[in-house]
Amino acid sequence: ISVVSGMFGYSVMSLVMTATPLAMQFYSFNFSDTATVIQWHALAMFTPSFFTGHLIRRFGVVEIIILGTLLNLACMITNLLGVTFIHFVFGLILLGLGWNFMFIGGTTLLTDSYRGDEQSKVQAANDFIIFATVAAASLFSGVILDIFGWFFVNIAISFPMFIAFNSAIWFRFFYMPSLKKSNQGKVNF
């Protein structure tokens, strides 16, 4: 679940964020409008980091991952509702928040998923999977936008978010209760 959350959260963010300036240029926005959208997006990505850890402790890591998937789906819906400056700004703000919750949630969950002697290998595998997927999403975002358009770029994120959301729901409601019973409540998720 941690790898799925990090991989899909980061790659969806990269796909949409990389395509946004190109889409805004296509829809005749000037450079300063595009820069403003990306600035708000970057602010939404990193500012929540000051309190995401507190939210994870209060509500649970899986719940924050689920919220991240919902924020990314809200980004998709916002971007599909129109191509005005406001749509781009709010869509990218939602995308930044969704990335933050999914990526930090996934990396937090990862640290609870391995033994001490596995740390280097697990972290290396996690990083390789996430950043290979991000590279592919970044690389293909322009191609997808050029061939299929802004509408399809946003529709494309529904499938990975569906997988991440359902995986987190399964983990939360089916796997965690059985794990807690088998470990007599000693699991720290």
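Q: Which helices each supply at least two residues of the nonpolar patch?
A: In this predicted model, they are α6 (119-148) and α7 (150-156). The largest share, five residues, comes from α6.

Q: What makes L139, F140, V143, I147, F148, F151, F152 and I155 a nonpolar patch?
A: Patch members need over 30% relative accessible area and no salt bridge, and nonpolar side chains are joined within 5 Å. These residues form such a patch on the surface, with about 810 Å² of accessible area together.

Q: Why is F152 called partly exposed?
A: F152, which lies in helix α7, has 36% relative accessibility. Buried means under 20% and exposed means over 50%, so F152 at 36% counts as partly exposed.

Q: Why is H41 called buried?
A: Its relative accessible area is 1%, and the cut-off for buried is under 20%, so H41 is buried. H41 lies in helix α2 (residues 31-46). Not counting residues up to four places away in sequence, H41 touches M13, M17, L92, L95 and G96.

Q: How many helices and strands does the chain have?
A: The chain has eight helices and zero strands.

Q: How do you know that the chain is as compact as a globular protein of that length?
A: The radius of gyration is 17 Å, close to the 16 Å that the globule rule gives for 189 residues, so the chain is as compact as a globular protein of that length. Buried residues make up 43% of the 189 residues.

Key. Residues are numbered from 1 along each chain as its sequence is written. This is a predicted model: local features need pLDDT of at least 70, side-chain atom pairs count only at pLDDT 80 or more; totals for chains, interfaces and linings use all residues. Side-chain values use heavy atoms; hydrogens and water are left out. Patches are made of residues with over 30% relative accessible area and no salt bridge: like charges are joined within 9 Å, nonpolar side chains (Val, Leu, Ile, Met, Phe, Trp, Tyr) within 5 Å. Accessible areas come from the Shrake-Rupley method with a 1.4 Å probe; for residues, only the protein chains shown count as cover. A salt bridge is a side-chain nitrogen of Lys or Arg within 4 Å of a carboxyl oxygen of Asp or Glu. Helices (H or I, at least four residues) and strands (E, at least two) are DSSP runs, numbered from the N terminus. Buried means under 20% relative accessible area, exposed over 50%, partly exposed in between (1.4 Å probe, protein chains only). Contact means heavy atoms within 4.5 Å. The radius of gyration is taken over C-alpha atoms; the globule rule is 2.2 Å times the number of residues to the power 0.38.
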